[in-house]
Amino acid sequence: MSDQPKHGPPHGMEKHDLGGNNDLGALSQAQQADLNQFKMKTRIGNEKYLREHPEVECLIAGFLGDVLTKRPESIREFAAEYFTNPTLPEKVEKQLTERQEKLKQNRVIQSLT
């Protein structure tokens with residue numbers, strides 16, 4: 001049997017498809033390399049999307065903040081109500097505006113130091 005792949009998995013990704021000594025697991029070296037490339041491209045794509053859409057972070061942060069403060073009995077019911085609330089777009093827009101103001105303030109503070 002051939003040696004272990006000479007490439008490592010992308011940072012932060014475990015080698016689930018590799019077995020023990022002299023065992024390549026379920027994937028060949030080429031398949032594992034292709035999978036690692038796919039994982040890296042997916043992570044990069046996700047990061048780009050999140051940077052282009054900061055409202056996603058505001059939406060998630062607002063939801064998690066409400067969950068942790070209100071501690072609902074049923075997360076599913078709470079989530080359904082939260083994400084179907086007709087005032088949600090305005091709430092997210094307000095959070096986004098506040099976030100942008102804080103970033104501006106931080107830049108000013110950093111430029112003064």
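Close-up 1. Asp-66 counts as buried, with 16% relative accessibility (buried means under 20% relative accessible area, exposed over 50%, partly exposed in between, using a 1.4 Å probe and protein chains only). This is a predicted model, where local features need pLDDT of at least 70, side-chain atom pairs count only at pLDDT 80 or more, and totals for chains, interfaces and linings use all residues. Residues are numbered from 1 along each chain as its sequence is written, and side-chain values use heavy atoms, leaving out hydrogens and water. Asp-66 pairs up with Lys-91 in a salt bridge, and their closest N and O atoms sit 2.9 Å apart (a salt bridge is a side-chain nitrogen of Lys or Arg within 4 Å of a carboxyl oxygen of Asp or Glu). The pair ties together distant parts of the chain, 25 residues apart: Asp-66 is in helix α2 and Lys-91 in helix α4 (helices are DSSP runs of H or I, at least four residues, numbered from the N terminus). Lys-91 is partly exposed at 32%.

**Close-up 2. Glu-57 and Arg-99 form a salt bridge.** Here the closest N and O atoms are 3.1 Å apart. Again distant parts of the chain are linked, with Glu-57 in helix α2 (residues 54–70) and Arg-99 in helix α4 (residues 88–112), 42 residues apart. Glu-57 is partly exposed at 48%, and Arg-99 is partly exposed at 27%.

**Close-up 3. Glu-47 and Arg-51, a salt bridge within helix α1.** Both residues belong to helix α1 (residues 29–52) and are four residues apart, about one turn of the helix. Glu-47 is partly exposed at 38%, while Arg-51 is exposed at 66%.

Notes:
Helices (H or I, at least four residues) and strands (E, at least two) are DSSP runs, numbered from the N terminus.
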